[in-house]
Amino acid sequence: MKNLEMIRSKRAFIIDMDGVIYHGNQLLKGAREFVHWMENNQKSFLFLTNSSERSPVELSQKLSRLGVDVEPNHFYTSALATASFLATQHPGGSVYVIGEPGLIQALYDQGFTMNNVSPDYVVVGEGRGYSLESLERAVKLVAAGARLIGTNSDMSGPLEGGVIGPACGALVSPIELATGKKAYFVGKPNPLIMRHGLRRLNSNREETAIIGDRMDTDIQAGVESEIETILVLSGVTRPETISQFPYQPKHVLEGVFEIPE
């Protein structure tokens, strides 16, 4: 279930990172060659990740340490999408954040201030700052009227050591359960972040493909945004689980190493 010529003909690519380009601190087979192929063929490309922890500069530096040099403008995160979305909803608002510097900086850059007393929003991303104390404060603030935002709905995700740990969706759940309020998630599979990606690529959906390793985020995002979907089996999805989903990818590859001629 793949058409390499159709894939290679696309002008632009939206690419997930963990499970597609690397695993933790291990570059995956053919990742370097795939990036070089895109550069040599004048393809537009954007690494779009649901992780909210790192800034584009930090992601660029991580790839550089793995031996692939890509400028920061080729990276986009759920933190940036969340901050951009909130800036359209409530310019100059205030937030209480559970998350890492990448998320906090993105919100600062969009003009938000930090507020742990009466914020407009409680914003939750991944991070090691998550504690019972921060959870209790978040519940109190949401119960008092702050709106609950999650950077992404992933229930689990890879940690640095290659271990699977709780992701944003799992960290938001206790706040939802305690308050009876549902979070709004901005990252994949929300088509909103895909439209942000297309604008950054200056591309339309017909000439773009999304490459990812997760059916419930990457492929669902592509299907809902009507963008060509490419599932790679170098990450979390196993071949036998693909048929369990009500939507299917257009192409299934072993990894990005198959794409360059």
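**Overall fold and packing**

A: The protein has 261 residues, for which a compact globule would have a radius of gyration near 18 Å; the protein has 18 Å, which agrees. That radius is taken over C-alpha atoms, and the globule rule is 2.2 Å times the number of residues to the power 0.38. This is a predicted model, where local features need pLDDT of at least 70, side-chain atom pairs count only at pLDDT 80 or more, and totals for chains, interfaces and linings use all residues. Residues are numbered from 1 along each chain as its sequence is written, and side-chain values use heavy atoms, with hydrogens and water left out.

Q: How many helices and strands does the protein have?
A: Nine helices and 15 strands. Helices (H or I, at least four residues) and strands (E, at least two) are DSSP runs, numbered from the N terminus.

Q: What order do the strands of the five-stranded open sheet take?
A: E7-E6-E8-E9-E12, with parallel pairing. Two strands pair if DSSP finds at least two bridges between them.

Q: And which are the edge strands?
A: Strand E7 (113-114) and strand E12 (184-185), each pairing on one side only. E7 is joined to E6 (residues 94-98) by two bridges, and Thr 113 in E7 is the bridge partner of Ser 94.

Q: Switching to helices. At what angle do H4 and H8 pack?
A: Helix H4 (residues 78-89) and helix H8 (residues 191-201) pack at about 100°, their axes 10 Å apart. Axes are lines fitted to C-alpha atoms, for helices over the stretch in contact, and angles run from 0 to 180 degrees between N-to-C directions. H4 is therefore roughly perpendicular to H8, a label for angles of 65 to 115 degrees.

Q: Which residues make the contact?
A: H4 contributes Ser 78, Ala 81, Ser 84 and Phe 85, and H8 contributes Leu 192, Ile 193 and His 196. Contact means heavy atoms within 4.5 Å.

Q: Now Ser 134: buried or exposed?
A: Ser 134 is buried, at 7% relative accessible area. Buried means under 20%, exposed over 50% and partly exposed in between, with a 1.4 Å probe and protein chains only. Ser 134 is in helix H6 (residues 132-143) and touches Tyr 96, Ile 98 and Gly 129, not counting residues up to four places away in sequence.

Q: Where is Ser 55?
A: Ser 55 is in the loop between strand E4 (44-49) and helix H3 (56-65). Its relative accessibility is 21%, so Ser 55 counts as partly exposed.

Note on methods:
Angles under 35 degrees count as roughly parallel, over 145 as roughly antiparallel, 65 to 115 as roughly perpendicular and the rest as oblique.
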